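Please look over the structure shown below before reading on. This briefing opens with one pair of residues and then goes through the chains topic by topic.

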Amino acid sequence: MTITEIQEQIVSEFSLFEEWEDKYSYLDDIARSLPKLDENYKTEQYVITGCQSKVWLHSDYKDGRIFFTADSETSTTKGIVSLLIRVLSGHTPDEILNADMGFIEKIGLREHLSPFRSNGLTSMIKQMKLYALAYKTKSEVGGQNSDI
Amino acid sequence: MVSFPVNKIREDFPILHQKVYGRPLVYFDNAASTQKPVQVIRAISGYYETDNCNIHRGVHFLSQRATEAYEETRKMVQRFINAASSNEIIFTKGTTESINLVASSFGKQYISPGDEVLLSIMEHHSNIVPWQQMCIEKGAKVKFIPIRENGELDMDAFRKMVNERTKLVAITHVSNVLGTINPVKEIIAIAHSYNIPVLIDGAQSISHLGADMQDLDCDFYCFSGHKMYAPMGIGVLYGKEKFLEAIPPYQSGGEMIKEVFTDHTTFNELPFKFEAGTPNVEGVYGLHAAISYLQGLGMENIRNYENEILNYATGKLNAMGDIRIIGTAKEKTSLISFLIGSIHPYDAGVIIDKMGIAVRTGHHCAMPLIEWYKIPATVRASFAFYNTVEEIDSLVEAIQKVRKIFGRSTI
């Protein structure tokens with residue numbers, strides 16, 4: 001599926017819940033099902049700055065695609081980063097760099113979009129795109145599989 | 001419930017009568033900042049409608065009227081906190097500036113390498129960082145008095161920590177995270193027996209307990225207007241005259257001078273020596289109205305009602321089973337910090353907010369204290385005299401919602 005198709009799928013999943021509390025419950029389910037992040041990556045080096053609760057993000061580059069793993073100390077933030085991973089993980093650097101991440105606005109968790117909310121949504125997307133840019137640059141100068 | 005006309009009082013606070021997320025606003029973030037009664041709001045707009053001008057230097061009518069109101073408020077503050085003289089009342093931006101002033105000016109005058117400043121582990125960052133920075137500069141040391149698990153100060157440890165190197169004790173009257181009321185009178189007496197001056201951070205106590213400088217006998221006392229129903233940007237530093245005379249000015253400029261020559265300056269008398277520049281006159285007008293308002297209600301009545309609210313809330317939260325209250329000192333003001341099972345306070349805060357309730361989540365600018373408890377943060381509900389038992393029932397309902405959504409959480 002393309003990045004756009006995955007976003008549409010998430011929006012339609014969330015549209016099944018009319019009550020805001022059910023959306024948060026579902027976000028909690030999503031957080032719970034995120035594959036565990038290797039404890040070795042829960043260090044300052046992998047922390048995304050700009051989030052009120054700690055988020056660790058790690059990436060791998062295999063066969064031209066980027067794979068993200070992450071964790072957070074709070075369920076809400078972990079839910080959001082899980083959604084971002086579902087949308088972006090497994091795509092090429094170019095696809096990630098060009099992705100328009102408008103879906104969160106459409107799933108009824110609008111307040112999480114405000115740049116003044118320090119939950120770090122903007123920082124998380126920015127960090128993922130920065131990884132994409134770094135891998136793209138690296139592969140253009142001849143790098144292959146690696147992590148950064 | 002004691003007879004306290006809470007519903008009538010609520011009519012004085014326009015901001016409380018609104019809906020957020022379609023629910024009636026419940027404001028439980030009073031330890032961060034209190035709301036303002038119409039009397040305060042009118043005092044500010046009234047100042048701009050009829051009295052606005054610069055004070056102290058104008059011979060014109062408006063300037064004299066505003067100057068009189070400004071200086072009358074200084075006397076009112078003096079009476080409110082029972083200071084010996086109005087020269088001991090310095091208007092500042094707030095508690096943070098008051099503490100910075102003392103740290104800077106007292107530090108210059110009295111602190112040498114190897115000296116110690118005693119704080120407690122429950123201090124707000126604003127009563128840590130100014131001392132820490134001054135001590136780094138001076139080669140002195142900040143030491144922290146520990147607390148007991150229930151959030152009470154370890155007085156035995158305090159007695160052992162005071163020594164000939166101690167040059168000042170700076171301690172909060174009430175903890176902004178725990179609600180603990182510290183035995184400041186006893187602390188001051190102990191410190192004074194070693195001739196050590198004491199600064200009390202009254203930011204969290206003034207609106208609940210009032211203050212009596214001559215009874216406490218503290219050497220410095222600081223508080224903010226905005227936590228006692230007055231506007232933001234106005235605060236007070238009380239200092240004993242002998243110390244305010246002895247320490248150098250904090251900032252320099254207009255108002256604080258007697259005479260300026262091209263090569264030197266002589267400084268103004270107290271209290272003007274510490275009030276450089278055009279002061280926050282509208283803030284002082286607002287502070288006057290806020291103190292009048294508090295005096296109208298009666299500090300004793302406020303204390304009794306807030307105690308009932310605290311006891312009601314504590315009982316309700318304890319009955320929920322999985323609520324861990326951080327700070328269970330015998331003597332508390334009306335705030336409760338808590339954790340809901342193993343749910344992260346940030347997650348809880350997101351949901352409580354959606355229920356229309358303003359609480360604070362985080363470290364509450366007291367990171368060393370949160371670290372001491374080895375917890376990530378707390379949810380803090382802090383109550384004022386305009387809060388009701390019905391609002392506490394709404395908080396209980398919101399907590400139930402939090403548990404429903406994140407109840408399985410092991411994160």
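In chain B, B:R360 stands opposite B:R380 in β17(B), where helices (H or I, at least four residues) and strands (E, at least two) are DSSP runs, numbered from the N terminus. This is a predicted model, in which local features need pLDDT of at least 70 and side-chain atom pairs count only at pLDDT 80 or more, while totals for chains, interfaces and linings use all residues. Residues are numbered from 1 along each chain as its sequence is written, and chains are lettered from A and ligands numbered from 1 in the order in which they are written.

**The sheet around that pair**

- Strand β17 (residues 378-382) of chain B is joined to β16(B) by 3 bridges, and the two run antiparallel; strands are said to pair if DSSP finds at least two bridges between them.
- These strands belong to an open sheet of 4 strands in chain B, with the order β13-β14-β17-β16 and antiparallel pairing.
- Its edge strands, each of which pairs on one side only, are β13 (323-326) and β16 of chain B.
- On average, neighbouring strands of this sheet are turned by 30° against each other, direction ignored; angles run from 0 to 180 degrees between N-to-C directions, and axes are lines fitted to C-alpha atoms, for helices over the stretch in contact.
- The loop between β16 (360-362) and α14 (367-373) of chain B holds B:H364, which has a positive phi of about 55° although it is not a glycine.
- B:H364 is buried, with 23 other C-beta atoms within 10 Å; a residue is buried if 20 or more other C-beta atoms lie within 10 Å of its own, exposed if 12 or fewer, and partly exposed in between, with C-beta atoms placed from the backbone.

**The sheet of 7 strands in chain B**

- Another open sheet of chain B has 7 strands with mixed pairing, in the order β4-β10-β9-β8-β7-β5-β6.
- The strands at its edges are β4 (89-92) and β6 (141-145) of chain B, each pairing on one side only, and neighbouring strands of this sheet are turned by 20° against each other on average, direction ignored.
- Helix α5 (residues 129-138) of chain B packs on the sheet and touches β5 (116-120), β6 and β7 (166-172) of chain B, its direction making about 145° with that of β6(B).
- Strand β9 (residues 220-224) and strand β10 (residues 235-239) of chain B run antiparallel and are joined by 5 bridges, and B:F223 stands opposite B:V236 in β10(B).
- B:Y229, in the loop between β9 and β10 of chain B, has a positive phi of about 75° although it is not a glycine.
- With 28 C-beta neighbours inside 10 Å, B:Y229 counts as buried.

**A cis peptide bond**

- B:L270 and B:P271 are joined by a cis peptide bond, with omega about 0°, and B:P271 has its place in the loop between β12 (265-267) and α11 (281-297) of chain B.

- Chain B has 15 helices and 17 strands, and its C-alpha trace spans about 70 × 55 × 35 Å along its principal axes.
- Buried residues make up 49% of the 411 residues in chain B.
- Chain A has 6 helices and 2 strands, and its elements run α-α-β-β-α-α-α-α from the N terminus on.
- Buried residues make up 38% of the 148 residues in chain A.

**Where chain A meets chain B**

- In all, 13 residues of chain A are in contact with 12 residues of chain B, two residues being in contact if their C-beta atoms, placed from the backbone, lie within 7 Å.
- The elements that give two or more residues to the side of chain A that touches chain B are α2 (20-32) and α3 (75-88) of chain A, and α2(A) gives the most, with 6 residues.
- α2(A) and helix α15 (residues 389-406) of chain B pack at an angle of about 40°, with their axes 8 Å apart.
- That angle makes α2(A) oblique to α15(B), since angles under 35 degrees count as roughly parallel, over 145 as roughly antiparallel, 65 to 115 as roughly perpendicular and the rest as oblique.
- In this contact A:E21, A:Y24, A:S25 and A:D28 of α2(A) meet B:K401, B:I405 and B:F406 of α15(B).
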